Amino acid sequence: MPAWMEVGIFGFTLFFILVGLVGLIVPIFPGIVVIWLATLVYGIVVGFNTVGIIIFVVLTLLMIAGTMADNFLMAAGSRTGGASWWTIAAGLLAGTIGTIVFPPFGGLIAAPLVILLIEFLRVREINQAWRATGGLVAGWGMSFFVRLGIGILMLLLWVLWAFVK
């Protein structure tokens with residue numbers, strides 16, 4: 001492959017990886033998936049050698065972990081705040097439906113609101129309901145940093161792949 005084409009492919013992939021990293025700031029933007037897709041396209045274009053296959057498998061596992069981080073950390077935060085598993089499931093479902101029906105912020109509003117309302121109805125104590133909701137929000141915040149770390153690690157692994165052909 002000519003050097004100019006390698007530079008172009010490298011620049012194209014890097015651009016979309018950086019779009020994915022910046023996209024992690026927007027809660028509903030699938031930044032980790034965009035990063036993974038950029039590396040997949042890179043592998044298809046330049047080919048998958050042994051190093052590329054190993055790194056791509058690791059990137060795939062990181063993508064799966066990164067996409068699940070939100071749900072796990074939000075659920076853990078709510079649970080730590082005292083929410084029941086049924087409340088957490090309802091909050092995650094409301095967040096998903098809210099995102100689909102009222103993008104881009106429907107899920108951001110629906111999940112905490114449902115946690116607050118169901119917990120209040122369940123325990124009849126507003127402070128407890130606020131603790132469960134605060135746990136959800138804290139888990140959300142923590143998931144941002146986890147996903148950002150995973151995204152940066154994915155970028156570094158791809159750079160390693162690009163230079164160790």
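In this predicted model, the largest pocket is lined by 23 residues. Among these, Pro27, Ile28, Asp70, Asn71 and Thr99 lie nearest the centre of the pocket. Its volume is about 470 Å³. At least two lining residues are supplied by each of H2, H3, helix H4 (85–101), helix H5 (106–123) and H6.

The largest nonpolar core contains 21 residues, and the members that touch the most others are Leu59, Met154, Trp158 and Trp161. Two or more residues of this core are given by each of helix H1 (3–23), H2, helix H3 (50–80) and helix H6 (126–163). H6 provides the largest share, with seven residues. When residues up to four places away in sequence are not counted, Trp158 touches Phe10, Thr13, Leu14, Ile17, Thr39 and Tyr42. In soluble globular proteins, nonpolar side chains tend to be buried together.

Helix H2 spans residues 31–46, and Gly31 lies within this helix. Gly31 counts as buried because its relative accessibility is 0%, and the cut-off for this class is under 20%. Apart from neighbours within four places in sequence, the contacts of Gly31 are with Gly20 and Leu24. Gly31 and Leu148 are separated by 117 residues in sequence, while their C-alpha atoms are 9.1 Å apart in space.

Methods. Residues numbered from 1 in each chain as written. Predicted model: local features only at pLDDT ≥ 70, side-chain atom pairs only at ≥ 80, totals over all residues. Heavy atoms only, no water. Helix = DSSP H or I, 4+ residues; strand = E, 2+ residues; numbered from the N terminus. Buried < 20%, exposed > 50% of the residue type's maximum accessible area, 1.4 Å probe, protein only. Contact = heavy atoms within 4.5 Å. Core = buried A, V, L, I, M, F, W, Y, C linked by side-chain atoms within 4.5 Å. 1 Å grid on protein atoms, 1.4 Å probe; cavity = no way out; pocket = protein on both sides within 12 Å on 5 of 7 lines; lining within 4 Å. Points joined across faces, edges and corners; volume = space filled by probe spheres on them.
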